[in-house]
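Hi,

Here is the structure I promised to pass on.

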Amino acid sequence: MVLKSEKRFIKLNLITIVVTLLVILAGGVVRSTGSGMGCPDWPKCFGQYIPPTHVSQLPADYKEKYVAERVAKNERFAKTLEKMGKGHLADSIRHDESILQPETFNVAKTWTEYINRLMGAITGFFLLALAVSAFTYKKRAIRIPVLSVLNVVTVGFQAWLGSIVVSTNLMPWIVTVHMLLALVILGILVYTYNYAKQLDQQPTVVMGQLVWLKVLIFGSIVLSTIQIVIGTEVREAIDAISKQMMYSGRNTWVSKVGDMFSYHRDLALLVLVINIIIYKIVKDRFNGKTVALSIGNSIGIVLIIQIATGLILSNFALPPYAQAMHILFSTVLFSLQYYLYLLVYRSSTYNQQN
């Protein structure tokens with residue numbers, strides 16, 4: 001029998017997954033609107049817990065002040081990187097002239113970034129509540145509270161990394177690490193949700209071996225992760241191009257990205273083909289209304305949305321709403337693929353044991 005406290009954990013875990021995806025959507029809006037430096041400091045915004053609404057609320061030397069603070073913080077970060085043996089990364093931070101460029105106050109960008117930070121703080125509270133709730137499994141499944149506590153630590157590191165993203169003026173490799181860490185947080189949430197649910201559920205019995213299905217799903221997860229990384233690099237290249245062109249000629253930015261965009265587009269076709277094969281196998285093996293088949297259907301819908309937003313981005317001058325949706329559904333795809341892998345892995349293990 002499932003305890004009420006365990007039901008609460010499962011429900012809270014699912015809600016936390018949704019909230020985490022909403023934070024990623026908020027981050028996508030920040031990126032697509034160029035609001036990443038809307039708040040030049042962290043955790044406050046222009047030194048305030050509630051940011052200003054007009055430049056008159058700021059001191060006359062606010063630009064120089066926040067540049068000086070960024071330089072000091074980046075020097076501390078560079079020294080940490082040197083101690084880790086990453087001298088080349090430390091040098092790249094010290095010699096990046098974009099860090100010295102002051103940010104002009106823009107109320108829309110400031111509040112867009114501020115709302116993103118609020119969403120991140122709310123997610124942190126959800127993860128903390130989830131970690132406390134997870135201790136209901138301390139005797140039945142100790143890995144659930146351990147992983148839930150680990151996720152709280154991870155999101156704390158993610159928050160600190162977010163401050164580095166700001167202080168380095170959106171340095172590309174740090175933005176990429178920031179995105180990958182969001183996938184780690186999602187992965188842990190999906191795992192604890194699935195593991196908690198499976199404790200009192202019978203595995204789905206399927207006919208035949210599932211080895212190749214597991215390999216294909218794992219491969220699709222790896223490809224989706226690579227796609228997210230390349231997509232982040234494409235976005236960073238477009239940011240650089242837009243600055244060089246003084247934000248004019250928006251319809252030409254994609255054509256100037258070069259091979260990186262071609263790799264991203266071609267790999268998307270490979271992801272589509274592999275997921276079609278996966279869906280065919282899942283449909284053949286998992287008959288009826290099983291969760292695995294439902295997840296397979298969801299993956300198909302997400303892929304259609306991803307392809308549609310990708311086409312809109314490349315052919316209609318990168319509309320911000322399509323950028324945000326493209327980022328969001330790339331992480332939704334990753335989450336669904338990982339969940340499907342966990343379901344198939346359990347069925348495969350159960351079949352081998354029986």
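**Salt bridges**

Lys280 and Asp284 form a salt bridge, with their closest N and O atoms 2.7 Å apart. By salt bridge I mean a side-chain nitrogen of Lys or Arg within 4 Å of a carboxyl oxygen of Asp or Glu. The two residues are four apart in helix α8 (residues 259-285), so about one helical turn separates them. Helices here are DSSP runs (H or I, at least four residues), numbered from the N terminus. Lys280 is partly exposed at 49% relative accessibility, and Asp284 is partly exposed too, at 46%. The cut-offs are under 20% relative accessible area for buried and over 50% for exposed, with partly exposed in between (1.4 Å probe, protein chains only).

Before I go on, some ground rules: this is a predicted model, where local features need pLDDT of at least 70 and side-chain atom pairs count only at pLDDT 80 or more, while totals for chains, interfaces and linings use all residues. Residues are numbered from 1 along each chain as its sequence is written, and side-chain values use heavy atoms, leaving out hydrogens and water.

Searching the whole structure turns up seven salt bridges. Glu82 and Arg94 make one of them, at 2.7 Å from N to O. That pair links distant parts of the chain, with Glu82 in helix α2 (residues 62-83) and Arg94 in helix α3 (residues 87-94), twelve residues apart. Arg94 also forms a salt bridge with Asp91, this time with the closest N and O atoms 4.0 Å apart. Asp91 and Arg94 sit three residues apart in helix α3, so they are separated by about one helical turn. Relative accessible areas are 40% for Glu82, 31% for Arg94 and 36% for Asp91.

**Nonpolar cores**

Nonpolar side chains tend to be buried together in soluble globular proteins. For a nonpolar core I took a set of buried Ala, Val, Leu, Ile, Met, Phe, Trp, Tyr and Cys residues joined through side-chain atoms within 4.5 Å. The largest one has 65 residues, and Phe9, Ile144, Leu213, Ile217, Val282 and Leu340 touch the most other members. Helix α10 (320-353) is among the elements that supply at least two residues of this core, and its 13 residues are the largest share. Apart from that core lies another, of 14 residues, including Leu81 and Met171.

Val282 touches Leu213, Ala292, Leu293 and Leu340, not counting residues up to four places away in sequence; contact means heavy atoms within 4.5 Å.

Ser148 is in helix α5 (residues 143-167) and is buried, at 3% relative accessible area. Leaving aside neighbours within four places in sequence, Ser148 is in contact with Phe9, Leu130, Ala131, Ala134 and Thr192.

**A pocket to look at**

A pocket is an open set of points on a 1 Å grid over the protein atoms alone, where a 1.4 Å probe fits, with protein on both sides within 12 Å along at least five of seven lines; lining residues have an atom within 4 Å of a point. The second largest pocket is lined by 37 residues, with Gly34, Lys109, Leu170, Lys243 and Tyr247 nearest its centre. Helix α7 gives the most to that lining, with eight residues.

Cheers
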